[in-house]
Each structure stands twice: as structure tokens, then as C-alpha cells.
There are 2 protein chains.
Amino acid sequence: MTNNFHMGTNYLLKVITGKWKVSIICALGLKDYRYLELLKYENDVNHTKISKKVLTEQLNQLEEDGIVTKKSYGTIPPKVVYSLTPIGQELSKHLINLNFLGENLAQVNQANISFDINAQQVKNLHKEEQDKN
Amino acid sequence: MTNNFHMGTNYLLKVITGKWKVSIICALGLKDYRYLELLKYENDVNHTKISKKVLTEQLNQLEEDGIVTKKSYGTIPPKVVYSLTPIGQELSKHLINLNFLGENLAQVNQANISFDINAQQVKNLHKEEQDKN
DNA sequence: CCGAATCCTAAGCGATACTG
DNA sequence: CAGTATCGCTTAGGATTCGG
């Protein structure tokens with residue numbers, strides 16, 4: 001065992017670090033998605049809002065890193081379908097395996113396992129409330 | 001299977017996201033470390049420099065998240081020893097399991113798997129060169 | 001020897017508006 | 001439908017200095 005026995009792990013972590021990437025990979029592990037369909041799914045399952053800009057960013061990075069592929073049908077209106085590469089499929093299985101350990105840890109830590117909303121989003125919620133009045 | 005089958009994974013990822021955390025966990029998986037000893041180890045194995053502030057931050061977060069524990073001997077000069085919790089031990093095994101997949105992915109992507117140095121560090125290297133002249 | 005305090009920069013994320 | 005472009009806020013990480 002060399003000194004660098006964790007470098008592969010580190011690289012992998014870098015590839016999947018990003019607020020929505022795990023969620024995206026796990027979603028695509030079950031079925032392929034079109035762009036807006038995926039956007040809607042992410043919003044629903046995580047009970048918060050992901051912007052199109054960020055979804056595009058994360059998908060592009062995952063594509064660049066060999067986790068997802070996209071197929072564009074040259075139609076109008078456009079149709080683009082995202083799916084996992086073989087290695088992306090394998091990764092999604094590993095991620096789901098980690099879920100049990102993560103839930104276990106969250107329970108020990110008495111942590112809230114749902115998605116966080118940040119300060120800016122709280123401000124916006126406040127603003128929405130005020131705009132109603 | 002609920003819609004939230006990846007939330008535990010996401011929580012776990014959040015806990016281990018941080019430039020040095022994987023490296024720290026894997027190191028402590030092999031043996032316990034004192035503070036400066038760990039600092040030196042991280043610098044050596046990653047061929048770059050980790051500041052004491054950041055090491056302290058990451059250790060504190062890992063402690064708060066139930067991955068590491070520290071034991072202070074009340075001596076002068078101080079002696080503090082860091083080690084993994086049981087769940088931290090389990091985590092380190094999972095991380096090492098991911099190493100193969102990560103190396104595999106890096107090879108497919110023809111990516112350089114070593115630690116990156118960032119723009120600021122490049123600037124500092126330049127500065128050092130210039131200061132010699 | 002083991003940190004805490006301060007200051008700084010770069011990157012990530014989000015809201016919103018616009019386009020082929 | 002599937003994205004870009006622009007802007008602003010927040011956070012992570014690093015350099016450096018000080019303290020018990």
C-alpha cells in the first residue's frame with residue numbers, strides 16, 4: 001500500500017462534489033431524464049429550488065467527468081436526454097450503498113437529513129411573505 | 001424505496017467534503033496521530049502545504065460530526081491525540097473501497113490524480129522564485 | 001505544542017432575464 | 001424546450017500573526 005491509497009477516492013469525491021450531483025446521479029440511476037423533467041424532479045424530491053443555470057453547470061461537469069452522457073435529437077423544440085455512462089451506473093450503486101451509513105451517522109448526530117436552505121433563500125421567503133401584504 | 005433514498009449519502013458527503021478530510025480519515029484509519037504529526041504527514045503525502053488553521057477547522061468539523069475524537073493530556077507542552085470513532089473506522093473502510101473506482105475513473109478521464117495546487121499557491125511559488133534573485 | 005484571530009481571494013450557488 | 005448571460009451573496013481555504 002502506497003502513501004497515496006486515498007488519491008482515487010479524493011478524485012472521485014471531487015467529481016461528485018456539488019450540491020445536486022449525488023441527487024442527479026441517483027435519479028439517472030433509475031431512469032433517463034430530459035432536461036426540464038430532471039429540473040422538476042430535483043425540485044420535487046429536494047423540496048427546494050434548483051436554478052436552470054446550476055443544473056446545467058452540474059450536468060456539464062458530470063458529462064466532462066465521464067459520469068453522464070447526453071443525446072440531443074435535433075428537433076424543434078429541442079429534446080435532450082441525459083443518462084449515465086457505464087462507470088456512472090457503477091458509481092450510482094456505490095452511492096446508494098453509502099446511504100445506510102449516512103443515515104446511521106445522521107441518527108447518531110441527531111442531524112436533520114433534509115436539504116438545507118441557505119440565508120439568501122430565507123430572505124427570499126421573507127420577501128415573498130411581505131409582498132403578499 | 002422512497003424518493004429520499006440518497007439523502008443519507010448526501011449527508012455523508014457533506015460531512016466528508018473538505019479538501020483534506022478524506023486524507024485525514026484515511027490517515028487516522030491506520031494509526032492515531034498527534035496534531036503536528038498529522039500536519040506533517042498531510043504535507044508530505046499530498047506534496048503541498050496545509051495551514052494549521054485549516055487542519056484545525058477540518059478536525060473540529062470531523063469531531064463535531066462524530067468521525068474523530070481527540071484526547072488532550074493536560075501536559076505542558078500540550079499533547080493532543082486524534083483518532084477515529086467506531087463509525088469513523090467504518091467510514092474509512094468505505095472510502096478505501098471507493099479508491100479503486102476513483103482510480104479507474106481518473107484513468108478513463110486521463111486525469112491527473114494528484115493534489116491540485118491553486119492559483120494563490122502558484123503565485124506564492126513565483127514569489128519565492130523572485131525573492132531568490 | 002496546539003491552537004485562535006484576522007484578513008484576503010477564489011469558487012460555488014442562486015435569482016432573474018433573455019435566446020434559438 | 002433547453003439552455004446563456006449577468007449580477008450579487010456566501011463559503012472554503014490560505015497566509016500570517018499572536019497566545020497559553
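**Strand pairing and its surroundings**

In strand E3(A), Val81(A) is the bridge partner of Arg34(A). This is a predicted model, in which local features need pLDDT of at least 70 and side-chain atom pairs count only at pLDDT 80 or more, while totals for chains, interfaces and linings use all residues. Residues are numbered from 1 along each chain as its sequence is written, chains are lettered from A and ligands numbered from 1 in the order in which they are written, and side-chain values use heavy atoms, with hydrogens and water left out.

Strand E1 (residues 33-34) of chain A pairs with strand E3 (residues 79-84) of chain A in the antiparallel sense, over two bridges. Pairing here requires that DSSP finds at least two bridges between the strands; strands (E, at least two residues) and helices (H or I, at least four) are DSSP runs, numbered from the N terminus. E3(A) also runs antiparallel to strand E2 (residues 68-73) of chain A, to which six bridges join it. Within that pair, Lys71(A) stands opposite Val81(A), and Tyr73(A) stands opposite Lys79(A).

Next, the helices. Helix H2 (residues 21-30) of chain A and helix H3 (residues 35-46) of chain A have axes that come within 11 Å and cross at roughly 115°. Axes are lines fitted to C-alpha atoms, for helices over the stretch in contact, and angles run from 0 to 180 degrees between N-to-C directions. H2(A) and H3(A) are therefore roughly perpendicular to each other, a term that covers 65 to 115 degrees. Ser23(A), Ile24(A) and Ala27(A) of H2(A) are in contact (heavy atoms within 4.5 Å) with Leu38(A), Tyr41(A), Glu42(A), Val45(A) and Asn46(A) of H3(A). The residues of this contact comprise five nonpolar, two polar and one charged.

Finally, the two chains. Chain A is superposed on chain B by a rotation of 180° with 0.0 Å of shift along its axis, at an RMSD of 0.1 Å. That is the relation of a two-fold axis. The superposition is by least squares on the C-alpha atoms of residues with pLDDT of at least 70 in both copies. Thr17(A) comes closest to the rotation axis of the residues of chain A, at 3.7 Å (C-alpha).

Methods: Parallel < 35°, antiparallel > 145°, perpendicular 65-115°, else oblique. Nonpolar A, V, L, I, M, F, W, Y, C, P; charged D, E, K, R; others polar.
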